[in-house]
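Work through the exercises below with the coordinates open. Each task is followed by a stepwise solution.

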Amino acid sequence: MHRELRDVPQAVSTGALPPPARIDRIVEAAHSRYLPLEDGAVADYIPVLAAADPDLFAVAVTETDGDVHEVGDVGDRFTIQSISKAFVFALACEAHGHMVLRERVGVDNTGLPFNSVIAMELGDGHPRNPMVNAGALATTGLVPGATPAEQWERVRTGLSRFAGRSLELDGEAYHSEMLTNHRNRALAQLLESYGRVEVDPVSLVDVYTRQCSLRVTAHDLAVMGATLADGGVNPVTGERVVSGQTARDTLAVLASTGMYERSGTWMFEVGLPAKSGVAGGIVAIAPGKGAIGTFSPRLDSAGNSVRGQRATAYLSRALGLNLFASAAHGAAENSLGKEGTV
């Protein structure tokens, strides 16, 4: 379908966020509303994650004009984990193009857990999408570089450009995960057996584990997401990181697969492309408007931050971010323009 429409320019139509002072109030309200929530548990299958402070909670919103609104533990750093999949997909898509990533990695939800082996076997070794671990490994394998070291540096610098600052490896997390990522090694070897990757599977898992071990903050996630929201231009640094087409492709994949087997429910309830990580981060993107970055280590059974999901849902509703929400044409008053209570 994409090839058939190449002669049709991509039109863009997006709305606007409320005034800055109102955004500040809404962000603060989201944080205070869910700060008392203690549902969920920190990830315990990776030793270093099990030691996380469960009470940390941060909420940040970055607009496409570069304005930032944030509250809570926004300076606390944590490992990006699976959120990296979205931005590495963007780097690979930028290097190889729309069709290569669609055909080699896929864009359809598996309906199964993120580390499922069955999903690959049912698909004759096809990863199905870049947000599950098999697809993420295949995507990382497509990052340009003559050696694993070059691929890793391309990943690190690429994600740093999304964040607008140099991101660093959390060595403790990296070594902790390398001791426990047996299933990822199995997935990489299975991909190799099906001819789905062209790099050494052991080195591939090493690069992938490093990308998941980059340290970020909720602020970073909001800036990274806002870069996708702004057509691939970092709204804080002004640097073009990826093309508008790549940003669109990445958001489309996130919409259908970013929250794993609960992606459909997420879109039904929240209406935003999003990605979560088992360290407790979530990034959610409103094209043309901005992005939300949250951090809270307590997770639900699918590996998604409990507070982060609630706060993002609140912000989506209160800020008018839901992609599927609309009002009758010619309505006398837009609720986003009101200067009343949150």
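**Exercise 1.** Determine where Cys 212 lies, whether Cys 212 is buried or exposed, and what Cys 212 touches.

Solution. Step 1: Cys 212 lies in helix H10 (helices are DSSP runs of H or I with at least four residues, strands are runs of E with at least two, both numbered from the N terminus). The model is predicted: local features need pLDDT of at least 70, side-chain atom pairs count only at pLDDT 80 or more, and totals for chains, interfaces and linings use all residues. Residues are numbered from 1 along each chain as its sequence is written, and side-chain values use heavy atoms, with hydrogens and water left out.

Step 1: Not counting residues up to four places away in sequence, Cys 212 touches Thr 79, Ile 80, Gln 81, Ser 84 and Glu 177 (contact means heavy atoms within 4.5 Å). The C-alpha atoms of Cys 212 and Tyr 174 are separated by 8.0 Å, at 38 residues apart along the chain.

**Exercise 2.** Find which residues Thr 209 touches.

Solution. Step 1: Thr 209 has its place in helix H10 (residues 201-212), and counts as buried at 2% relative accessibility.

Step 1: With residues up to four places away in sequence not counted, Thr 209 touches Tyr 174, Glu 177, Met 178 and Asn 181.

**Exercise 3.** Explain why H10 is largely enclosed by the rest of the structure.

Solution. Step 1: Nine of the twelve residues of H10 are buried, so H10 is largely enclosed. Among them are Leu 204, Val 207 and Tyr 208.

Step 1: The buried residues of H10 pack against several elements, including strand S3 (78-79), helix H3 (84-96) and helix H8 (171-178).

**Exercise 4.** Describe how helix H7 and helix H11 cross.

Solution. Step 1: The axes of H7 (residues 148-163) and H11 (residues 218-229) come within 7 Å and cross at roughly 90 degrees (axes are lines fitted to C-alpha atoms, for helices over the stretch in contact, with angles from 0 to 180 degrees between N-to-C directions). That makes H7 roughly perpendicular to H11 (65 to 115 degrees; under 35 is roughly parallel, over 145 roughly antiparallel, the rest oblique).

Step 1: From H7, Leu 159, Phe 162 and Ala 163 meet Asp 220, Val 223, Met 224, Thr 227 and Leu 228 of H11.

Step 2: Eleven of the twelve residues of H11 are buried, so H11 is largely enclosed by the rest of the structure.

Note on methods:
Buried < 20%, exposed > 50% of the residue type's maximum accessible area, 1.4 Å probe, protein only.
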